[in-house]
Amino acid sequence: MLTEKPGLMDAIRGRFAHVDTCPFEGPRVFFENAGGALTLNSVVETSAKFAAIPDNQGRDNPAAHALVALIDKAKADMRVFFNAPKGQFFVGESGTELLFRLIRTAIVGTPEGRVLGSTLEHPATRSAARHWAEVTGKPHILVTHDDATGCVGPEAYAPEVTPDTRVATILHTSPVTGMGVDVGAVAAEIRKVAPDCIIIVDGIQHAAHGRLDIESYDIDGYVVSPYKVFSRHGYGVAWVSERLHAIRHEHLIDAPGNPWEFGTRDTGAYVTFSDVVDYFDWLGGEVSDETDRRKRIVAAGEAIHDHEQRLTDAMIHGVGNIKGLKDMDGVTVLGGIDNPRREGLVSLTVEGMAAPDVVTKLRERGIRTHTRKADHYSGNILTPLGLEAAVRVSMCHYNTEAEVAQFLQAMREITEGADAA
């Protein structure tokens with residue numbers, strides 16, 4: 001859909017900084033979006049503007065009042081973007097820090113019982129859940145994900161849910177396999193047996209792909225890292241339900257409103273997330289005739305999903321007369337060839353070649369990718385597969401089929417032993 005409207009891809013790419021050129025290395029194809037998406041030009045401008053403002057919120061002057069109004073607007077924008085009419089939004093140090101805080105609050109503040117998660121999850125949730133489960137003496141149970149599909153579903157959670165399951169964590173999209181989890185279906189399975197369970201979702205890898213709908217998930221916490229959804233480093237965004245908000249949590253003594261934030265937050269962080277929401281709104285207007293803002297954002301997410309699926313299909317099956325990964329000797333695609341859960345990411349191995357060497361050879365040919373090692377970040381996924389590492393190739397909607405073709409040509413040279421051009 002993004003390629004069907006003349007000039008739209010150029011307009012999309014024009015809104016991002018360094019879309020085809022690294023400021024340190026020169027021209028390159030950016031297929032490392034899972035490690036941090038490209039940044040909107042508007043975010044760059046907003047960051048510089050608000051970094052220069054000396055005033056703080058909460059003072060009796062026009063600048064302070066303006067800052068508060070901008071924060072309120074950003075929170076309203078977040079409600080529309082995430083479709084979360086209830087609950088509260090706030091920012092913190094990072095997505096990982098916010099997940100730790102939400103999980104700590106939930107585990108410490110609930111009665112004796114179990115903490116449930118899955119082996120698919122990033123260590124941000126697994127580490128926090130294990131630590132605070134040990135501190136409070138609660139069992140921490142991990143549902144085993146499916147190695148073949150690189151995912152986990154409600155049917156895997158079902159046998160492990162007990163009435164005393166107090167806290168559960170869910171990963172929305174895996175940063176290693178690229179597979180999306182049906183959060184609503186998993187949450188529904190949990191609530192069948194443990195209706196009052198506090199459910200916290202790691203949405204960090206999912207957010208850039210759009211189609212977010214907290215209202216439909218029936219959960220209690222959702223966290224994203226804005227640098228992975230076209231904003232910048234230095235902050236995270238969290239949403240909490242009224243149920244999680246009501247649990248005793250840390251804040252300054254006698255602070256009004258039972259707040260979650262610590263200290264004075266960066267107004268620029270909030271405003272840069274408004275930039276992200278404005279971008280989805282703009283894109284939705286380009287791909288649909290919707291007049292309602294939420295509907296435009298939904299339309300943008302659908303268009304993003306469609307385009308990214310086309311890119312991953314092209315990467316796996318081929319482009320024009322260039323063969324895809326599935327037809328290259330020695331190449332294995334993690335999670336299977338045709339996996340409908342895949343969200344803009346392909347992880348692969350090349351027989352007889354170490355993953356870091358493949359990443360280097362791709363870089364030498366102008367393709368930026370990343371090695372995922374069987375370490376504390378990715379060992380939970382790679383070790384059961386008997387892998388020391390894999391090559392992660394992650395795309396976003398501003399990437400093009402021509403870039404996929406360039407990648408496939410590079411992979412052909414690498415797998416066939418051709419010298420770099």
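A search of the whole structure, which is a predicted model, finds 17 aromatic pairs; rings of Phe, Tyr and Trp (its six-membered ring) pair if their centres lie within 6.5 Å, and planes under 30 degrees apart count as stacked, over 60 as edge-to-face and the rest as tilted. In one of these pairs, the ring centres of F16 and F230 are 5.3 Å apart and the planes stand at 80 degrees, so the pair is edge-to-face. F16 is in the loop between helix 1 (8-13) and strand 1 (21-22), and F230 is in the loop between strand 9 (221-224) and strand 10 (236-240), so the pair ties together parts that are 214 residues apart in sequence. Helices (H or I, at least four residues) and strands (E, at least two) are DSSP runs, numbered from the N terminus. Residues are numbered from 1 along each chain as its sequence is written. In this predicted model, local features need pLDDT of at least 70 and side-chain atom pairs count only at pLDDT 80 or more, while totals for chains, interfaces and linings use all residues; side-chain values use heavy atoms, with hydrogens and water left out.

An open sheet of seven strands has the order 4-10-9-8-7-5-6 and mixed pairing, where two strands pair if DSSP finds at least two bridges between them. Strand 4 (88-92) and strand 6 (140-143) are at the edges with a single partner strand each, so one side of each has no neighbour in the sheet. From one strand to the next, the twist averages 20 degrees; axes are lines fitted to C-alpha atoms, for helices over the stretch in contact, and angles run from 0 to 180 degrees between N-to-C directions. Strand 9 and strand 10 run antiparallel and are joined by four bridges. V224 has V237 in strand 10 as its bridge partner. Helix 3 lies across strand 4, strand 9 and strand 10, at about 110 degrees to strand 4. Helix 7 (residues 183-193) also packs on the sheet, where it touches strand 7 (165-171) and strand 8 (198-202), and its direction makes about 165 degrees with that of strand 7. Contact here means heavy atoms within 4.5 Å.

A further open sheet has four strands in the order 13-14-17-16, with antiparallel pairing. Its edges are strand 13 (331-333) and strand 16 (370-373), each with a single partner strand, so one side of each is left without a neighbour in the sheet. The twist in this sheet averages 35 degrees from one strand to the next. Four bridges pair strand 14 (residues 345-350) with strand 17 (residues 389-394) in the antiparallel sense, and V346 stands opposite V393 in strand 17. Helix 11 (residues 293-317) packs on the sheet and touches strand 13, strand 14 and strand 17, its direction making about 15 degrees with that of strand 14. Helix 12 (residues 355-364) lies across strand 14, strand 16 and strand 17 and runs at about 35 degrees to strand 17.

Two packed helices are described by the angle between their axes and the distance between the axes. The axes of helix 3 (residues 62-82) and helix 11 come within 8 Å and cross at roughly 55 degrees. That makes helix 3 oblique to helix 11; angles under 35 degrees count as roughly parallel, over 145 as roughly antiparallel, 65 to 115 as roughly perpendicular and the rest as oblique. The crossing of helix 3 and helix 11 is right-handed (left-handed if the near helix is turned anticlockwise from the far one by less than a right angle, right-handed if clockwise). Helix 3 contributes D77, V80, F81 and F82, which meet R293, R294 and I297 in helix 11. The residues of this contact divide into four nonpolar, no polar and three charged; Ala, Val, Leu, Ile, Met, Phe, Trp, Tyr, Cys and Pro count as nonpolar, Asp, Glu, Lys and Arg as charged, and the others, Gly among them, as polar.

Helix 4 (residues 95-108) and helix 5 (residues 123-136) have axes that come within 9 Å and cross at roughly 30 degrees. Helix 4 is therefore roughly parallel to helix 5, and the crossing is right-handed. Residues of this contact include L99, F100 and I103 of helix 4 and A128, A129 and W132 of helix 5. By class, the contact has 10 nonpolar, four polar and one charged residues.
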